[in-house]
Amino acid sequence: DFGHSSELAFVVEPSDDIAVQEQPLILYCQVEGIQPITITWRKNGALIVDSENAFMLANGSLYVSRFQRLRGDGSSDEGEYDCMAQNHYGLVVSRKAKIQAATMSDFHIHPQNAVVEEGGVARFQCQIHGLPEPVILWHKNSMPVNTDNERYTLLPKGVLQITGLRAEDSGIFHCVATNIANVKFSREARLTVSGSHSSVYKDPMILVGPENLTLTVHQTAVLECIATGNPRPIVSWSRLDGRPIGVEGIQVLGTGNLMISDLTVQHSGIYVCAANKPGTRVRRTAQGSLVVQASAEFVQHPQSISRPVGTTAIFTCVAQGEPPPQITWLRNGQILETSDHIKLKNNNSTLSIYGINQADEAIYQCLAENSAGSTQASARLTVLWADGLPSPPQGVRAETVSATTIQVSWEKPLQNTKEIIGYVLHIRKAADPVEMEYQEAVSKSTFQQLVTDLEPSTSYSFYIKAYTSRGASKASEVTVVSTLGEVPAMPSLFIKVINSTTVQATWEPSIKLGQHEGFKLYYRKVHLSQYTGPVLLASNVTAYNITHLDASVVYEVKLLAYNQHGDGNSTVRFVSLRETVERTAVLNPPCDCMKDEQNNKTSTTGIIIGIHIGVTCIIFCILFLMFGYRGRLLMCKNVQEQLSTPQIPRSQRSATGLVLNGATRRDRDDRDLNGKQLDMNELERLFPASPSQEQQEKGITSAHSLSAPHDETQISTLPLDEFSIIEEQPDPLPKNPHGSSAAAPALDHGPANEG
């Protein structure tokens, strides 16, 4: 392998250019490598012959004396140019350089007259095509527009924006387009600023939104957005995909135009311009797409290599760009054609040459092209060959040992064996392409090799080469042999009890078992020697229900996979249905309907009685507390009353007559005031006895019978929400001998509304 300076490679390649009519053009091409080197030029694939108009300079560059876009004979100097360099080792071709003539068309968009009120926004536009892109400047009243004025914004595509219009902005405007081909002037347009600034509210409105742009990396993109409204809207930018726009290289021109400098592929996306009314969510939006292309460039270049005859040469070429580049391979400047021993894979990124010979020695080039540009890289293949190499190994034989092992043996070559340093065994599935081949190295004193980890029932091809320090021998004859078949592996078996007489056997999918035709299922009672089965199941079946089993014994279940080579090892499981039966008996005991009905009745009666006893106890406690509190009040006021408990019908109750103990003031007035004490008979009348023990033992179940009154003062029948506390106004009463009122209200400080 020679050093880098010996490789035939380009130092300078021709680049894309725009030529001026009738002006000279030079395309540069410089090559390094082992001399002698011959350089030639092509245009659109055709060889350029030196002439008065175009000829090659001594340094290899091409000189065009007078560039013509269109000659009298119909030919043109425009086109794609490349240079070719050749020496003893091969030929290389440069990248294609696209040459175009400088031009400028007429204006196809001229500025238009505009009348805008003071404080508004004016926009003028002119548009023209040209190569290179024309530079557009604006004049007002025949003088260049003052770009220092912050209210004037000039955009690269020929747009003039004027914000916050004033009377002095009125005038006549036109634009001037300039490039290396020409200078042209647009028509004039008049701007009239009318009236004074209006205070009438206007919704935000976007006059002009961003347009779709397609640019290349490192260029500058300007996305226009101009909005009006009163109050003046706030313009903001975002990406439709939610990603941040960033700040590097980002600038705002005027009141809302977005400029992105030094574009990268990551800047591609859809950009949204929003005009917001200040302090509100009222907004208007417009959007435009930005596509950033990147010319093809190499991530990995192919490397020059030297390989002995009969070996494999591999070149790798990886390129990137936007859009993704297409890769093409050349051999000595000609498009490479694939064959049985020349293969391209990985989207043409990898070139493999199998069993190389002297005819494969050449320079191989990788060309990467997309719509943004092209690039190339080259590498040389040197085929090593020397006299006195060994002859091919003899008597190659292959014998099958097992389903995964083959033994290969051979004899030493007949000629030039002294310099042999070892052998290489080449192995490949007979059905695979050549590039799937792999090798195993063997020492020079060994004439057999055990090849393992092969696939069952598969054919393999083998050949041998003898190696010396100067290269390899030719390949031996190829021998093909197949491995033995293999029985399937053990399946994974699981048993699930369905009920007292049925179990389900399940196993894993057949893909884990290797090649097989189906399954055999056996089962038996453990105390018996004879199996039931086999039950033959297809290879796609993964479950089987075993029915009509005896719940009192333990069963053994056995499963195996089989194929044309025999039965595989079986998987055994034991299962008992007795526990399932017992568990079912516990969870679902026999039903004694008469007993259940009796128990249900007894249980229901007990629950009802318990509930009523509890409610009665609670009511008694509440009444006890209330009467105890009332008794203390009477003692403090030295008032003695007799209590009566007539039951007042609900319809006759009045808002001024009901108190907690059920007695009315009129009843109390009728009492004599002789200080008669409360006796036990009155308490018994207030608190009638609870139902007798005999009644409870009889199992009374009717809620109505428990709540029916035994006398007119049955408290348990009065709901709590019918109690009320009424503040009464005292009537004039005669004074007692001691000068005190006859009877004061028991709760004279209570609330006046219902408690």
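Predicted model: local features only at pLDDT ≥ 70, side-chain atom pairs only at ≥ 80, totals over all residues.

Mentor: UniProt positions are given in the numbering used here, with shortened feature names, and such annotations may be inferred rather than shown by experiment. Residues are numbered from 1 along each chain as its sequence is written, and side-chain values use heavy atoms, with hydrogens and water left out.

An unreviewed UniProt entry annotates residues 607-627 as "transmembrane region". In the model this span is 100% helix and 0% strand, and its end C-alpha atoms lie 31 Å apart. Helices (H or I, at least four residues) and strands (E, at least two) are DSSP runs, numbered from the N terminus.

Now to the part for the close look, the cysteines. A disulfide is a pair of cysteine sulfur atoms within 2.5 Å, and the structure holds four of them. One joins C29 and C83, with the sulfur atoms 2.0 Å apart. This link is right-handed, at 65° about the S-S bond. It connects distant parts of the chain, 54 residues apart: C29 sits in the loop between β3 (25-27) and β4 (30-32), and C83 in strand β9 (residues 79-87). Both C29 and C83 are buried, where buried means under 20% relative accessible area, exposed over 50%, and partly exposed in between (1.4 Å probe, protein chains only).

Another disulfide joins C126 and C175, whose sulfur atoms are 2.1 Å apart. C126 is in the loop between β14 (122-125) and β15 (130-131), and C175 is in strand β20 (residues 171-178), 49 residues apart. C126 counts as buried because its relative accessibility is 0%. C175 is buried too, with a relative accessible area of 0%.

C317 and C366 also form a disulfide, with 1.9 Å between their sulfur atoms. The torsion about its S-S bond is about -70°, so this link is left-handed. C317 lies in the loop between β33 (313-316) and β34 (318-322) and C366 in strand β39 (residues 362-370), so the pair ties together parts 49 residues apart in sequence. Both C317 and C366 are buried.

With the bonded cysteines numbered in sequence order, the pairing is 1-2, 3-4, 5-6, 7-8. C617 is in no disulfide; its nearest cysteine sulfur belongs to C621, 6.7 Å away. C617 counts as partly exposed because its relative accessibility is 44%. C621 is likewise in no disulfide, and it is partly exposed, with a relative accessible area of 48%.
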